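Please look over the sequence and the structure below before reading on. The report then takes up a few places in the chain, one at a time.

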Amino acid sequence: MAGLPDRKSLPDRRSFVSGATAGLLCASLSRAQGRLAPAQDRLAIAGEPPRYDQRPLSLVPNAQAIGRRYWAPGLNEGYVPQGLTVTGAEILVAAYRSVDPRQDNGLARVFRLAQGDGRLAGGFDLPEAYGHPGGLAARGTTLFVANSGRLLALDLPASLRSGAPAIIAERRVDKAMGPSFLACDGDALWFGPFRRQGEATLYAIPLARIVEGGSDPLGPADAGRRLPLPLLAQGATFDRSGGLWISESVGNRPGALHRLDAGSGAVLASYAAPGGIEDLGCAADGSLWAVSEAGSQRWSRWETFYPLVFEIDPGKLIARG
């Protein structure tokens, strides 16, 4: 999600994953075969369907936990969905424009969808420096946007009214920290890098340090807390009980969701998820929301075709054995 050499960029790199991780993912998908839902009728999905690809939606693991589904916004214009957050009765999706597997950034935009029916209700373009907006998080009326080495704080109502980003603050970030995604627990902004191998760290930066902390780049020393982060992390959110969820995906592979102990970072449970899953959000009713880039024009050659914004009922997820 971030514009770094260790982040997904070219197709051959996106299809790479360590043997151990691939084995776990494939085994999980095999165990989930009996739980796959039948192919969904494209016409039953709210929003504008893609005209460039007429395939039915792919069968995905843990389909029994998936509720409402909406076509990701901007697909026909070449947008690739990345960041997502839920605020009030709305879902915000950040996407960049690219139809070329070799191009990992472009004109970026935040789309506003009605949570209830997926209706497109406006949006605004992001500054040029945010050409791969991997994560979104909201705190009150402030929207935070992540791009590799950068964080942007926006006045959300003003941005939506004007159709242009109303900037509150902007901070540089040590690229070793990402940010490739964002989550907010009310007091801090949590983010980390996308890593294929080695070790990754999740950082919690106090909101005041981001908005009022001056012009110096944010670094690991600014973190109030640090937790171990699963590899291949693409998104994050906190649920209503304070539990931390991390999404995982890489290229044309099955995805995963991990539920973490927000105190220790220990993985409490893991669940198979649709391929291409990106950022996460949590609604007031406790449901999780996610978006997948699999089947966007940039990634239309992947076997998985699931370019949707979709709701997840955590209580219906079946954990990997």
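## Aromatic pairs

In this predicted model, seven aromatic pairs are counted. One of them is formed by Y70 and W289, whose rings are stacked, with 5.6 Å from centre to centre and 20° between the planes. Y70 belongs to strand β1 (residues 66–71) and W289 to strand β19, so described as a link between distant parts of the chain, because a strand here is a DSSP run of at least two residues. The two residues are 219 residues apart. Y70 has a relative accessible area of 3% and is therefore buried. W289 is also buried, because its relative accessibility is 0%, and the limit for buried is under 20%.

Another pair consists of W245 and Y271. The ring centres of W245 and Y271 are 5.7 Å apart and the planes meet at 25°, so this pair is stacked; planes under 30 degrees apart count as stacked. The pair again links distant parts of the chain, with W245 in strand β15 (residues 244–248) and Y271 in strand β17 (residues 267–273), 26 residues apart. W245 counts as buried because its relative accessibility is 2%. Y271 is buried too, with a relative accessible area of 6%.

## A charge over a ring

R109 and F111 show another arrangement that involves a ring. The charged end of R109 sits over the ring of F111, and the distance to the ring centre is 5.7 Å.

## Serine 292

S292 lies in strand β19, which covers residues 288–292. Is S292 buried or exposed? Its relative accessible area is 0%, so S292 is buried.

The side chain of S292 has a polar atom 3.1 Å from the backbone nitrogen of A294. A polar atom of the S292 side chain also lies 3.3 Å from the backbone oxygen of Y306. Leaving out residues up to four places away in sequence, S292 touches P81, G275, G276, I277, Y306, P307, L308 and F310.

## Leucine 182

L182 is located in the loop between β9 (167–172) and β10 (183–184). With a relative accessible area of 1%, L182 is buried.

Which residues does L182 contact, apart from its neighbours within four places in sequence? Among them are G135, L136, A137, F144, V145 and A146. The list also includes L151, L189, W190, F191, A236 and D279. The C-alpha atoms of L182 and G281 are 9.7 Å apart in space, while the two residues are 99 residues apart in sequence.

Notes
Residues are numbered from 1 along each chain as its sequence is written. This is a predicted model: local features need pLDDT of at least 70, side-chain atom pairs count only at pLDDT 80 or more; totals for chains, interfaces and linings use all residues. Side-chain values use heavy atoms; hydrogens and water are left out. Helices (H or I, at least four residues) and strands (E, at least two) are DSSP runs, numbered from the N terminus. Buried means under 20% relative accessible area, exposed over 50%, partly exposed in between (1.4 Å probe, protein chains only). A polar contact is a pair of N or O atoms within 3.5 Å; within protein, one must be able to donate a hydrogen and the other to accept it, and residues adjacent in sequence count only if both atoms are side-chain atoms. Contact means heavy atoms within 4.5 Å. Rings of Phe, Tyr and Trp (its six-membered ring) pair if their centres lie within 6.5 Å; planes under 30 degrees apart count as stacked, over 60 as edge-to-face and the rest as tilted. A charge sits over a ring if NZ of Lys or CZ of Arg is within 6 Å of the ring centre and within 35 degrees of the ring normal.
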